[in-house]
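Good morning, and thank you for coming.

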Amino acid sequence: MSETWMIAGGWMAAGLTIFLFSFLYRDNPFFKAAEHLYLGAGMGWWFQVYLFNIWKPKVWEPLLSGDFFVLIPAVLGLSLVTQFIPRISWISRYGFTFMMGYGAGLAIPATLSTDFMSQIAGAIQPFTALATMTPMMIFNSLVVAGGTICVLFYFFFSVEHKGAVKKISNIGIYFLMIYFGAAFGNTVMARFSLLYGRFDDLYTFSGANYFYASQILLIALVAYFILHSFLGGKKTEEEEPAH
Amino acid sequence: MKFIKKQIPLAIVMVTGLLMVASYYIPHKYSVDYVELMNKWENIVSAFAFLLGLVSLFYSHYGKIKRKADGWGYSLFVYIGFLAMVVPAMMTDGRQMVDGQVTSLGWSFRYIYNALSSTMFAVLAFYIVSTAYRSFRIKSRQAFVLFVAAFVLILGKVPLGQMIWDSLLGWTGQGVADIIEWIMQVPAVAGKRGIMIGIAIGAIVTSLKIIFGIEKQYMGKD
């Protein structure tokens, strides 16, 4: 890639980033164009991933080498496309049932071992090493095991939640809230790290070697908003301010 | 006709599902080969399922352009975006780098797709904070616990928060990083474990219902 292409890339990335961020002010044509471009680019990206990782090496090349066995999944897959023809859309059931059967068959042992047995083992196992544990470790293990039981009581609807069951399930709610709070905090921080990344890129593209792409595009967009508010004035239904 | 339309598909789901379950617990070369084959087949069928979504999307936007519906011009960008990824991919055989040099696909990925996807998720940061501000009304003790857990986690992961913690609670001898680690390793694990066990039971039961044909809504009507 030549330097010109890198500069063009900088302008492209800076423009698309600023267009998407412009939605924070209000909905506008630049945001919508970038949003639709994202949809198309996403589909294009996955199309080429499937093309070069599945269709070509796992269907096309085996067929050319005489392995007609791959026609079975290919036909099952193609059957899905009959969804678009209502008269024969029932054929798509063959592909769907294969996927459902595979998924369900795989989910049972996988879920049983990783999400069910391992989680129970994780709560119990620390107590097998009590002799080597510090008082704090014992306390933590008791909190984890006790908390898990309380949360399970909260989700247990076969008995009415009253008396002791209600008290235990109420404690379970506190553990759930801590988990939800922690998950929320992590999500916020993950989104902010993406935000820092975008700002970092905008800073990079604001340099002289990119001909001040970020500043120029930002000024152009601000000028558009100012002109639009003075000349266009009238707020359309589609261009509501972002909340 | 009912046999072809309904019973064969149900037989496919049952045979495929039961053989998958059995293969996991039978340590034999045949079962390993079967699982490998099914994984490969599933990849191929899923790829065609993607095609279903792609055709549906294109059909919907083609309809908008044809009808000249409101905002039809934006639909053109869907096709432009698609071509911006697929044409370079065809030219480079799906490779982003060749001999240490970025290809046109690598360029499109970095400056178009990556820029768009990371900005799209980054924009959510503002909305998450805005939503949190509006919804974090501490009306109960449970809501307070949720708030404290989230607040400590957010505070502890930025240098300013660590400085505030050290100046206010430094005398306790516990850094905010230790508190975050304890929250994540102990009470949050208890909450998560309870949810995961519940989900696991639900997933297993639903899977059994699908395999034995009790749950068949995915087959549609008729």
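**A helix and its surroundings**

Let me begin with α5(B), whose buried residues are B:Val145, B:Leu146, B:Ala149, B:Ala150, B:Val152, B:Leu153, B:Ile154 and B:Gly156. Please bear in mind throughout that this is a predicted model. The helix covers residues 141-156 of chain B, 16 residues in total. From first C-alpha to last it reaches 22 Å, close to the 22 Å expected at 1.5 Å a residue.

Against which elements do the buried residues of α5(B) pack? From chain A there is α6, and from chain B itself there are α6 (159-169) and α7 (176-185).

Chain B contains eight helices and two strands, and its order along the sequence is α-α-α-β-β-α-α-α-α-α. The domain assignment of chain B lists domain 1 as 1-69 and domain 2 as 77-125. The centres of domain 1 and domain 2 of chain B, taken over C-alpha atoms, are 28 Å apart.

As to overall dimensions, the radius of gyration of chain B is 26 Å, whereas a compact globule of 222 residues would have one near 17 Å. Along the principal axes, the C-alpha atoms of chain B fill a box of roughly 75 × 50 × 45 Å. Of the 222 residues in chain B, 31% are buried. Among contacts in chain B with a separation of 6 or more, 31% come from residues 24 or more positions apart.

I turn next to the two chains together. In the contact between them, 99 residues of chain A meet 103 residues of chain B. On the side of chain A that touches chain B, the elements giving two or more residues are α1, α2, α3 (71-79), α4 (92-124), α5 (135-154) and α6 (164-204) of chain A. By class, that side of chain A has 68 nonpolar, 25 polar and six charged residues.

Which residues have the most contacts inside the largest nonpolar core? They are A:Leu16, A:Leu20, A:Ala34, A:Ala41, B:Met85, B:Ile112 and B:Leu116, in a core of 41 residues. Two or more residues each are given to this core by α1 (3-21), α2 (29-64) and α7 (213-232) of chain A, and by α3 (72-92) and α4 (104-135) of chain B. The most comes from α4(B), with eleven residues.

B:Ile154 is one of the buried residues of α5(B), with which I began.

I close with some individual residues. A:Tyr212, in the loop between α6 and α7 of chain A, has a positive phi near 55° although it is not glycine. B:Asp93, likewise not a glycine, has a positive phi of about 60° and is found in the loop between α3 and β1 (97-98) of chain B.

Methods:
Residues numbered from 1 in each chain as written. Chains lettered and ligands numbered in written order. Predicted model: local features only at pLDDT ≥ 70, side-chain atom pairs only at ≥ 80, totals over all residues. Domains from an automatic or database assignment. Helix = DSSP H or I, 4+ residues; strand = E, 2+ residues; numbered from the N terminus. Rg over C-alpha atoms; globule rule 2.2 N^0.38 Å. Buried ≥ 20, exposed ≤ 12 C-beta atoms within 10 Å, placed from the backbone. Contact = placed C-beta atoms within 7 Å. Core = buried A, V, L, I, M, F, W, Y, C linked by C-beta atoms within 7 Å. Nonpolar A, V, L, I, M, F, W, Y, C, P; charged D, E, K, R; others polar. Expected span 1.5 Å × (residues − 1).
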